[in-house]
Amino acid sequence: AMRREYQFGVFCLIVISYYCFQRQFAPNNCPPTQPKGSQTVIPTQPKGNVESTRLQHNIFFFEVTDNPTPSEIAVCAIESAARTYPKRRVAFYMKAYSLLKNGHAALSPIHTIAKAYKNIDIQPLDFSRLFEGTPLFSWYKKTSNACSTFWKHVLADGTRLAMVWKHGGMYLDTDVITLRPVQLATANFSVVESEHHINNAVFDFSLHHEFMWECMQDFVENYNAEDWGQQGPHLFTRMLEKRCLHPSFTHLYKDGRCGNISLFQPKRFYPIKYSDWELFYEAIDPAPSFHESYGVHLWSFMNKSKKKVVVGSNSLLEQLFKKYCPTTHAELKNRNFTEFL
């Protein structure tokens, strides 16, 4: 018996060693950075596609994974945007759209809010079609998801850039609850998160805005599959620093400008810092008014332990659900949810 256990152990060691060798030395098509001499050909911005000053009426959300069932927080985020901007198209693009249509998300309240709000538009997400005609197309065609730990984040970062450049409008992460509308005259904005960072969880740019194109070019030129924020927050930060020559972002207590781009102070969308994300799961009475905020980012990526909201706990997150996505909250109660994520 011991001999068999020893042989099995040796076999496992060989398999693991072979796998590690393959990861380290086998050729692949998505190196951590673009190799010299084989740079992706990046097109220039098409002539005639001058940036528009007309505010587009799209609001975009994405699900880039194969998950056909949006989380309760995602559904609340979509509803809150649809309630706040009743005259704007709120588009939710899903990679697993076909599964959603075939009933794989029967328990999700996404169907309820889609019926309740005429401006919610759920659409399939076709990456090849979306990236075509942008600097991201050739990158996407030759890049494999097997090589990047952060592939879904990288793909989501690229998706939002291409969609906003092609169609114009506002992008929101699916854990951003909208509280009140940004002034309609305010197009072309990004949001400062801290003294040294611009986050890409919320932004709004007009059709074919040059900044979106420049971001896609830098995305490819400085692509690093193993750096979580390289194509996301770090990208926005370095591109805006390049535009404005700011050694740091000083717009922490007032809204500012970077050329033709508005820079909102953190409290507009990040009134609670990412390091304090657990506050959303605590009972707070009275709840903050967030009277100077357009929205609240919940920092769901910090919730590694999958902490859930207990219905009836009067947590800050439940209070936000009741006030800003009442249809979602009512549906959860109707279905006897005792907790949600």
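These legends describe close-up views of a predicted model. Residues are numbered from 1 along each chain as its sequence is written, and side-chain values use heavy atoms, with hydrogens and water left out. Local features need pLDDT of at least 70 and side-chain atom pairs count only at pLDDT 80 or more, whereas totals for chains, interfaces and linings use all residues.

**View A. The disulfide of Cys76 and Cys325.** The sulfur atoms of Cys76 and Cys325 lie 2.0 Å apart and form a disulfide (a pair of cysteine sulfur atoms within 2.5 Å), which is left-handed, with -85 degrees about the S-S bond. Cys76 lies in helix α2 and Cys325 in the loop between α10 (316-324) and α11, so the pair ties together parts that are 249 residues apart in sequence. Both Cys76 and Cys325 are buried (under 20% relative accessible area, 1.4 Å probe, protein chains only).

**View B. The disulfide of Cys244 and Cys258.** Here the sulfur atoms of Cys244 and Cys258 are 1.6 Å apart, and the link is right-handed, with 120 degrees about the S-S bond. Cys244 belongs to helix α9 (residues 233-244) and Cys258 to strand β8 (residues 256-258); helices (H or I, at least four residues) and strands (E, at least two) are DSSP runs, numbered from the N terminus.

**View C. Strand β7 and its partners.** Eight of the nine residues of β7 (residues 197-205) are buried. Strand β6 (residues 189-194) pairs with β7 in the antiparallel sense over five bridges (pairing requires at least two DSSP bridges between two strands), and Val191 stands opposite Asn199. Strand β4 (residues 169-172) also pairs with β7 in the antiparallel sense, over four bridges, with Asp204 as the bridge partner of Met170.

Definitions and conventions
Buried means under 20% relative accessible area, exposed over 50%, partly exposed in between (1.4 Å probe, protein chains only).
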